[in-house]
Amino acid sequence: MLRRVTLLILVMLLLALPALAQEATPEAAGTPAIAPQACEQPGSLTMWVWDENWAEVIGQAIEAWQADYCPGAEVDLQVQPWGQYWDLLKTNVAGGDMPDVFNMSQDRFYFYASNDALLDLQPYFDEAGVDTSLWGSGMIDPYRWGDNQDLYAGPVNWDTIAIFYNKDLFDAAGVEYPTAEWTWDDFAEAAAALTDPENDVYGAAVYAEYQSGYPNWIAATGTTPIVEAGRTRCTLTDEGSLEALNFLKGLYDEGYMPSVSVVGGTSPDDAFNFWLAGKVAMVAGGSWKLPEAIEKATFDWDVVQLPRNPETGRSRSIVHSVGYVASANTENPDLAANLILYLVSDEGQKFFADAGGVAPANPALQQQWIDSFGDAGVNIQTFVDALQDSQGVTVFDEIWDKINTELVVNIFDQGMSVEDAANDACEFINTQLPEQAQ
Amino acid sequence: MLTSFLNWFGRTPLTRRRALWGMALVAPNVLGLLFFFGIPVLMAFATSLQQWNAIKPPVFVGLENFMRLATDPAFWQALFNTLKLMAMVTWAEIVLALIVAVLLNQRLRGRAILRTVYFLPVVTSTVAAAIVWAWIFQPRYGLIGNLLAPFGLGDVGWLTSRDLVLHPIAAVTVWQRLGFDMVLFLAGLQTIPRVLYEAAIIDGANRWQRFRHVTLPLLSPTTFLVVVLSVINGFQIFDQVYIMTARTTRGGVGGSATTLAYFLYQSGFIRSEFGYASAIALVLFLITLGVTVLQLRLQRRWVYYEAGEQR
């Protein structure tokens with residue numbers, strides 16, 4: 001779901017830095033953090049998004065942009081479903097027919113940026129007087145490129161990970177609800193107490209996929225999960241990685257966590273559906289899952305921060321931000337940049353904040369986003385808190401299948417030892433790192 | 001070569017006119033084939049000699065892609081997986097289709113309905129079917145898991161196991177191809193003259209003998225066609241692998257479910273090596289062509305055409 005969703009990182013940093021936070025607060029009240037500008041000349045653009053719900057929200061934002069800032073502009077907004085989005089994008093790139101503006105995820109950015117396929121947005125942000133540091137580094141650093149580390153994307157949103165837990169199952173097992181201070185040991189204890197083989201109930205399902213799964217636990221040990229930033233080294237065989245994976249495998253071996261086969265897949269959606277069905281008490285899920293949980297869960301539930309590693313005392317979440325990018329070959333670069341500026345501005349992001357889905361990247365709108373869920377009785381602030389000690393995305397497309405499916409299946413389905421599975425993954429990852437790193 | 005062409009083209013105005021008409025009538029088809037098949041094949045050939053990631057301009061690298069292919073263990077594994085799948089699929093598909101065709105060739109209540117049922121998978125979208133099959137093979141909650149639970153096999157991860165994953169894929173492929181082969185066999189069975197069966201009965205041949213000595217030989221042209229199609233199809237197995245492993249291993253643990261076509265897809269669309277992917281496509285094409293030519297050669301040994309029917 002990194003992909004579908006996205007991430008967020010940065011906001012956290014903002015909140016974490018008191019100076020910035022102080023700056024942001026008055027802005028939220030008075031002048032906007034990012035103000036849109038009128039376009040110089042209308043024209044036509046094609047735009048791709050991969051999520052239908054987003055398309056609706058973005059469609060409303062585009063209409064407002066057309067009405068208020070760029071009368072006469074035309075945008076052909078197309079939904080290319082996630083399952084074929086990247087294949088289609090590559091095909092269109094090959095055919096010289098890229099959309100002018102489209103959604104990008106951090107793990108895919110490298111390929112397009114390193115091939116000079118994207119428009120440098122930094123000059124446009126500079127000209128509009130946008131201080132890009134307002135997003136915080138986690139959310140946008142993965143979208144920086146080139147000698148000057150220019151920003152090539154406007155962040156759409158962020159998302160972090162927390163534990164969704166089924167209160168009914170906690171009550172039935174007589175286990176106390178977790179708090180933000182809980183540790184891995186508390187988590188293991190709860191998982192054991194909640195597991196009930198007779199009723200086909202598992203304690204936890206928290207290992208699946210990059211953003212929701214085991215990398216969060218590796219990050220909590222202080223190790224950068226999977227690949228060091230800058231693609232210099234595979235970290236899966238580091239001590240912290242082995243500690244985290246062995247901890248999770250211990251829970252799996254004890255029968256507290258279901259296998260990949262039993263859950264039905266390596267996607268965090270599979271684990272989440274399992275949780276919705278009442279078959280597992282605790283699941284790791286992203287903030288993008290809130291609407292679904294609110295709509296579908298038939299039991300009492302809440303969310304809590306990921307448990308803390310006992311040695312480091314840290315609870316860490318992977319954060320991702322989906323970006324808006326423009327094609328380097330677009331015929332209307334100024335117009336494309338103007339649209340992106342609007343979409344990331346306070347005005348444009350308001351549509352996301354009000355829609356109550358994913359959290360808008362713009363730091364001025366966090367409370368509005370939380371409020372959009374109304375009185376759900378759920379501690380949504382948890383996800384914003386998770387931004388404080390979050391881990392940015394360092395992995396990339398080419399190793400995606402290896403780390404998301406193969407490694408997970410090897411350990412949590414085929415019973416391979418953590419050491420063997422990690423060695424196997426690193427061997428492959430090393431072949432995908434830049435030459436100088438090997 | 002030239003003489004035979006001239007003979008065919010005709011030396012008299014009448015035959016020549018006829019030949020021209022013939023060519024005019026097939027022209028649309030030939031043009032379509034050239035345009036939508038010939039040109040892409042030529043482009044693939046050109047691309048196979050290049051290094052190209054779809055964005056940057058291609059770089060000519062000669063035969064490098066092919067040399068890399070020869071030493072790439074992933075390629076040999078994909079080839080081996082493909083052959084293994086074909087070994088499982090082809091005979092099962094043909095034997096089962098033949099049995100079903102013979103059974104449904106008799107006067108039988110509900111025959112038309114049964115034929116339709118067997119043919120349904122052919123017209124069902126492979127993607128939709130493969131998604132349902134992936135559920136069926138899900139351990140514990142899937143249909144197969146439930147059926148096998150009494151034997152202690154309820155939790156077998158058919159689609160995640162390195163050793164088992166080709167079996168469900170083969171099973172779904174057979175299920176999907178069966179109906180098409182059955183129709184071909186049914187058509188073939190209709191062409192066998194009844195008099196031959198009557199003569200065999202008079203000669204005292206029992207059911208098995210009639211099947212073995214009348215049906216099988218006279219059906220051999222159809223069988224040949226089915227085998228050739230099945231082998232070609234076998235080299236192209238992709239959808240089943242793509243969909244059935246999409247939610248778990250994407251091509252099997254350690255590439256254990258990766259077929260040549262899936263390997264091609266991975267190289268092109270996941271790793272953005274379109275030159276390398278084109279080289280794979282070309283090799284796949286040559287292998288398929290080679291095997292098909294070989295089959296055409298071998299057909300003389302076992303395919304029986306009725307006298308007067310020159311092919």
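Me: Leaving aside neighbours within four places in sequence, which residues is A:Leu341 in contact with?
Reply: Contact means heavy atoms within 4.5 Å. With neighbours within four places in sequence left aside, the residues in contact with A:Leu341 are A:Ile34, A:Ala35, A:Pro36, A:Gln37, A:Phe125, A:Ala128 and A:Val130.

Me: What conventions apply here?
Reply: This is a predicted model, in which local features need pLDDT of at least 70 and side-chain atom pairs count only at pLDDT 80 or more, while totals for chains, interfaces and linings use all residues. Residues are numbered from 1 along each chain as its sequence is written, chains are lettered from A and ligands numbered from 1 in the order in which they are written, and side-chain values use heavy atoms, with hydrogens and water left out.

Me: How far apart in space are A:Leu341 and A:Val130, C-alpha to C-alpha?
Reply: A:Leu341 lies in helix α15 (residues 333–344) of chain A; helices here are DSSP runs of H or I with at least four residues, strands are runs of E with at least two, and both are numbered from the N terminus. In sequence, A:Leu341 and A:Val130 are 211 residues apart. Their C-alpha to C-alpha distance is 9.2 Å.

Me: Is A:Leu341 buried or exposed?
Reply: Buried means under 20% relative accessible area, exposed over 50%, and partly exposed in between, with a 1.4 Å probe and protein chains only. The relative accessibility of A:Leu341 is 7%. A:Leu341 therefore counts as buried.

Me: How are α4(A) and α5(A) oriented to each other?
Reply: Axes are lines fitted to C-alpha atoms, for helices over the stretch in contact, and angles run from 0 to 180 degrees between N-to-C directions. Helix α4 (residues 82–94) and helix α5 (residues 106–114) of chain A cross at roughly 5°, and their axes come within 13 Å. Angles under 35 degrees count as roughly parallel, over 145 as roughly antiparallel, 65 to 115 as roughly perpendicular and the rest as oblique. So α4(A) and α5(A) are roughly parallel.

Me: Which residues of α5(A) make the contact with α4(A)?
Reply: On the α4(A) side, the contact is made by A:Trp86, A:Leu89, A:Lys90 and A:Val93. The α5(A) side supplies A:Arg108, A:Phe111 and A:Tyr112.

Me: How are α8(B) and α10(B) oriented?
Reply: Helix α8 (residues 166–190) and helix α10 (residues 207–235) of chain B pack at an angle of about 150°, with their axes 10 Å apart. That makes α8(B) and α10(B) roughly antiparallel.

Me: What is phi for A:Glu209, and where is the residue?
Reply: Most residues other than glycine have a negative phi. A:Glu209 is found in the loop between β9 (202–205) and α10 (214–220) of chain A, and is buried at a relative accessible area of 6%. Although A:Glu209 is not a glycine, its phi is positive, at about 70°.

Me: What is phi for B:Ala54?
Reply: B:Ala54 sits in the loop between β1 (50–51) and β2 (59–60) of chain B. At 3% relative accessibility, B:Ala54 counts as buried. B:Ala54 is not a glycine, yet has a positive phi of about 85°.

Me: What percentage of the residues of chain B count as buried?
Reply: Chain B has 13 helices and two strands. Of its 311 residues, the part that counts as buried is 41%.
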